[in-house]
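Reader: I have a new structure open and I'd like to learn how to read it. Could you walk me through a few features?

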Amino acid sequence: MRLLLIEDDRLIGEGLVTALRQDGHSVDWLRDGQSASDALRAAQFDLVLLDLGLPRRDGLSLLRELRGRRDATPVIVISARDEVQSRIAGLDAGADDYIVKPFDLGELAARIRSIQRRRAGRGEPQLECRGIRLDPATHEVWLRDQPVSLSAREYAVLEALLLRPGVALSRAQLEDRIYGWGEEIASNAVEVHVHALRRKLGADAVRTLRGVGYLIPKD
Ligand code: CA
């Protein structure tokens, strides 16, 4: 998923970026409320992790602005403000979840997966289509119940496509989901990952729609 992390604490920010990238997400990190507000107008993210105490603009006002313009991007508040009133205010301002610092990285990852499921209208934790099965919690992939080994980027492409079988994603959309800002991307990177997925999962596992992008056909 393409995540926007809004956090002014350098140590927490660095730790989260590393952990979330290891978990297969592309992460963009901003450290003040105003830059974050600009970024949220300019780009589409799959999920926002929002600190509340931020320079230049408070997280809660940022959240209200986002919901005020009917932007439904999922938001998890990550804050040291642990009073019940702060949690209620965050959720009522439009946050999907609220997690108090310090928190366990495994718990944050599980909450992200839960929001991802709800957003895709799914209840079951694993993704499955045409004999391909993927577990977002463990990053394991199976083809007709045989384990398949994928690189982190191949996994990210497969997960993005399996979240919505039958819906095409363009090369640019896939690049957004697997690379953060400032990361080197070879111009044919997505093609290379798709080629590898076809080699490992079958030639017809990923279909190319000429001029549109890539999709995994529906069952
Ligand atoms: Ca802060």
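Reader: Let's start with the metal. How are the donor residues of the calcium ion spaced in sequence?

Author: Donors are N, O and S atoms within 2.8 Å of the metal, or 3.2 Å for Na, K and Ca; water is not among the atoms, so sites may look incomplete. Here the spacing is D-x42-D-x1-G. Before going on, note that this is a predicted model: local features need pLDDT of at least 70, side-chain atom pairs count only at pLDDT 80 or more, and totals for chains, interfaces and linings use all residues. Residues are numbered from 1 along each chain as its sequence is written, and side-chain values use heavy atoms, with hydrogens and water left out.

Reader: Which residues coordinate the calcium ion?

Author: Asp8 (OD), Asp51 (OD) and Gly53 (O) do, at 2.1 to 2.3 Å. Helices (H or I, at least four residues) and strands (E, at least two) are DSSP runs, numbered from the N terminus. Aspartate 8 lies in the loop between strand S1 (2-6) and helix H1 (10-22), and glycine 53 in the loop between strand S3 (47-50) and helix H3 (59-68), so the pair, 45 residues apart, links distant parts of the chain.

Reader: Is arginine 2 buried or exposed?

Author: Buried means under 20% relative accessible area, exposed over 50%, and partly exposed in between (1.4 Å probe, protein chains only). Arginine 2 has 8%, so it is buried. By contrast, aspartate 8 is partly exposed at 32%, and glycine 53 is partly exposed at 34%.

Reader: Next, the cores. Which residues have the most contacts inside the largest nonpolar core?

Author: In soluble globular proteins, nonpolar side chains tend to be buried together. A nonpolar core is a set of buried Ala, Val, Leu, Ile, Met, Phe, Trp, Tyr and Cys residues joined through side-chain atoms within 4.5 Å. The largest one here has 29 residues, and Val141, Leu158 and Leu201 have the most contacts inside it. H6 gives the most to this core, with 8 residues.

Reader: At what angle do H6 and H8 pack?

Author: Axes are lines fitted to C-alpha atoms, for helices over the stretch in contact (heavy atoms within 4.5 Å), and angles run from 0 to 180 degrees between N-to-C directions. Under 35 degrees counts as roughly parallel, over 145 as roughly antiparallel, 65 to 115 as roughly perpendicular and the rest as oblique. H6 and H8 pack at about 85°, with their axes 9 Å apart, and are therefore roughly perpendicular to each other. Leu158 of H6 and Leu201 of H8 are among the residues that make the contact.
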